Amino acid sequence: MSENIEQKCLAKGVKLTDQRKIIAKVMSGSNDHPDVDELYNRVSKIDPKISIATVYRTVKLFEESGILAKHDFKGGKARYEELNEGHHDHLIDVKSGEIIEFVDEEIEKLQEKIADKYGYRLVDHKLELYGVKKKS
């Protein structure tokens, strides 16, 4: 991830316990937008005393503080990524859960055009595309 989540916590005044520091460090090093279960598996290898409840509470705190973004995913799971100032969209493989981040100027312009058509000025958007890989 581009910026250290621990630094964002400090900048926003979020108190970091030792366990929260580990969770922040693992999230900062993740490029795959882990769900809470996967994040728990990773942090518990570093500190087995960290409970899944602690991971849930920490992720919720980071989300409410504007540090992490939550992306709802198929099957009631949610994946998390660092909230960045820059914008990108997602293409998600529904079978593997692989996430490809992309920026496409045509899509950006089309979304602005649609908002304008309905009498709006677009201030933000989130696009998630779900698919399965084509067979070669």
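## A walk through the predicted chain

The protein chain holds five helices and five strands. Helices (H or I, at least four residues) and strands (E, at least two) are DSSP runs, numbered from the N terminus. This is a predicted model, where local features need pLDDT of at least 70 and side-chain atom pairs count only at pLDDT 80 or more, while totals for chains, interfaces and linings use all residues. Residues are numbered from 1 along each chain as its sequence is written, and side-chain values use heavy atoms, with hydrogens and water left out.

Start with the whole chain. Read along the sequence, its pattern is α-α-α-α-β-β-β-β-α-β. Of its 136 residues, 36% count as buried. Buried means under 20% relative accessible area, exposed over 50%, and partly exposed in between (1.4 Å probe, protein chains only). The accessible surface comes to about 9,200 Å², and 51% of this belongs to carbon and sulfur atoms. These areas come from the Shrake-Rupley method with a 1.4 Å probe; for residues, only the protein chains shown count as cover. Contact means heavy atoms within 4.5 Å. Among contacts between residues at least 6 apart in sequence, 49% join residues at least 24 apart.

Now turn to helix H4, residues 52–64. At 1.5 Å a residue, its 13 residues should span 18 Å, and the end C-alpha atoms are 18 Å apart, which agrees. The expected span is 1.5 Å times one less than the number of residues. Which residues of H4 are buried? They are Thr54, Val55, Thr58, Val59 and Phe62. These residues lie on the same side of H4, because they cover an arc of only 130° around the axis. The arc is that of the directions from the helix axis to the C-beta atoms. On the other side of H4, Arg57 and Glu64 are exposed.

What covers the buried residues of H4? The cover includes helix H1 (5–12), helix H2 (18–28), H3, strand E1 (68–72) and strand E2 (78–82). Leaving aside neighbours within four places in sequence, Thr58 is in contact with Arg20 and Ile23. Just after H4, Gly66 takes a positive phi of about 75°.

Ile46 lies in helix H3, residues 36–46. Is Ile46 buried or exposed? Ile46 has a relative accessible area of 52%, so it is exposed. Still, Ile46 is in contact with Ile22 and Val26, leaving aside its neighbours within four places in sequence. Gln19 is 27 residues from Ile46 along the chain, and their C-alpha atoms are separated by 9.8 Å.

Next comes the sheet. Three strands form an open sheet in the order E4-E3-E5, with mixed pairing. Its edge strands are E4 (99–102) and E5 (128–131), each pairing on one side only. Two strands pair if DSSP finds at least two bridges between them. On average, neighbouring strands of this sheet are turned by 20° against each other, direction ignored. Strands of a sheet pair through backbone hydrogen bonds, either parallel or antiparallel.

Four bridges join strand E3 (residues 89–93) to E4, and the two run antiparallel. Ile92 stands opposite Ile99 in E4. Leu91 stands opposite Ile100 in E4. The hairpin of E3 and E4 has five residues between the strands, and in it Gly97 takes a positive phi near 85°.

How values were computed
Axes are lines fitted to C-alpha atoms, for helices over the stretch in contact, and angles run from 0 to 180 degrees between N-to-C directions.
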